[in-house]
Amino acid sequence: MRRGATLYEVMLATVVVSVSAAIAVPSYVKRVEGGRKTEGHHVLLLIRNAEMRYHAEHSRFTGDWNDLEIEDPNTNPRRYFNYNFSCAGTSNLLAEAHRLGGSYKLTITETATITEQVAAASAASMGTPVCM
C-alpha cells in the first residue's frame, strides 16, 4: 500500500481548484458589489424621503443634513459611497451617491427614480449639499 499522492494527482487537484476559483470569484465579486449598490439605493431613498417630508412642511427643499432629521451618511467610516444632494428651491431635488473609487454613481430625484451612471466622481462635488 502506497502513502501520499503522486505528482500527477497533486497537479490535477490544483487544476480543479484553480478552475473552480476562476468560475466562482467573479460571481462572488458581482454579488458583493450588488449588496453595496443596495446600500446606495437605501440611503438615497432615505435622503429623498426626508427631503420630501421637509418640503411638505416648509414648501421648499433644504441643503442642510440637520434639517433632514437624518444622520449625515458621509460620517459613517464604513460606507461605500459619498452622498450629496442639491435642489433648486421649491421644485427640483437631486441626490447622488458617488461610489468610492469612482466607478459609478447613483442618482435619485423627487419622483424616486434611481439611475446609475458610469462616471468618475468629482471630489469637489461630493458630500456638500447645495440648495438655493
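Biologist: How should I read exposure, and is Lys-37 buried, exposed or partly exposed?

Modeller: Exposure is sorted by relative accessible area, where buried means under 20%, exposed over 50% and partly exposed in between (1.4 Å probe, protein chains only). Lys-37 has a relative accessible area of 23% and is therefore partly exposed. Please keep in mind that this is a predicted model, in which local features need pLDDT of at least 70 and side-chain atom pairs count only at pLDDT 80 or more, while totals for chains, interfaces and linings use all residues. Residues are numbered from 1 along each chain as its sequence is written, and side-chain values use heavy atoms, with hydrogens and water left out.

Biologist: With which residue does the side chain of Lys-37 meet in a salt bridge?

Modeller: Side chains of opposite charge can pair when their charged atoms come close. The term salt bridge is used for a side-chain nitrogen of Lys or Arg within 4 Å of a carboxyl oxygen of Asp or Glu. Lys-37 has Glu-116 as its partner, at 2.9 Å from N to O. This pair links distant parts of the chain, 79 residues apart, since Glu-116 belongs to strand S4 (residues 114-117) and Lys-37 to helix H1; these elements are DSSP runs numbered from the N terminus, helices being H or I with at least four residues and strands E with at least two. Glu-116 is partly exposed, with a relative accessible area of 43%.

Biologist: How many salt bridges does the rule give?

Modeller: The count comes to three. In one of them Arg-99 pairs with Glu-33, the closest N and O atoms being 2.9 Å apart. Arg-99 lies in strand S2 and Glu-33 in helix H1, so this bridge ties together parts that are 66 residues apart in sequence. Arg-99 counts as buried because its relative accessibility is 10%, whereas Glu-33, at 21%, counts as partly exposed. Glu-96 and Lys-105 also meet in a salt bridge, at 3.1 Å from N to O; Glu-96 is buried at 13%, and Lys-105 is buried at 16%.

Biologist: What should I make of a charged residue such as Glu-51, and which side chain of opposite charge is nearest?

Modeller: Charges are assigned by residue, with Lys and Arg positive and Asp and Glu negative, while His and the chain ends are not counted. Glu-51, found in helix H1, is buried yet has no salt bridge, and Arg-60, the nearest side chain of opposite charge, is 7.7 Å away. Leaving out residues up to four places away in sequence, Glu-51 touches Phe-61, Thr-62, Leu-68, Phe-85 and Leu-93, where contact means heavy atoms within 4.5 Å.

Biologist: Which residues have the most contacts inside the largest nonpolar core?

Modeller: In soluble globular proteins, nonpolar side chains tend to be buried together. A nonpolar core is a set of buried Ala, Val, Leu, Ile, Met, Phe, Trp, Tyr and Cys residues joined through side-chain atoms within 4.5 Å. The largest one here has 15 residues, and Ile-47, Leu-68 and Tyr-83 have the most contacts inside it. Helix H1 (7-58) and strands S1 (81-88), S2 (92-99) and S3 (105-109) each supply at least two of its residues, with the largest share, five residues, coming from H1. Beyond its neighbours within four places in sequence, Leu-68 is in contact with several residues, including Ile-47, Ala-50 and Phe-85.

Biologist: Where does Glu-69 lie, and what is its phi near?

Modeller: Glu-69 lies in the loop between H1 and S1, and its phi is near 60°, a positive value in a residue other than glycine. At 71% relative accessibility, Glu-69 counts as exposed.
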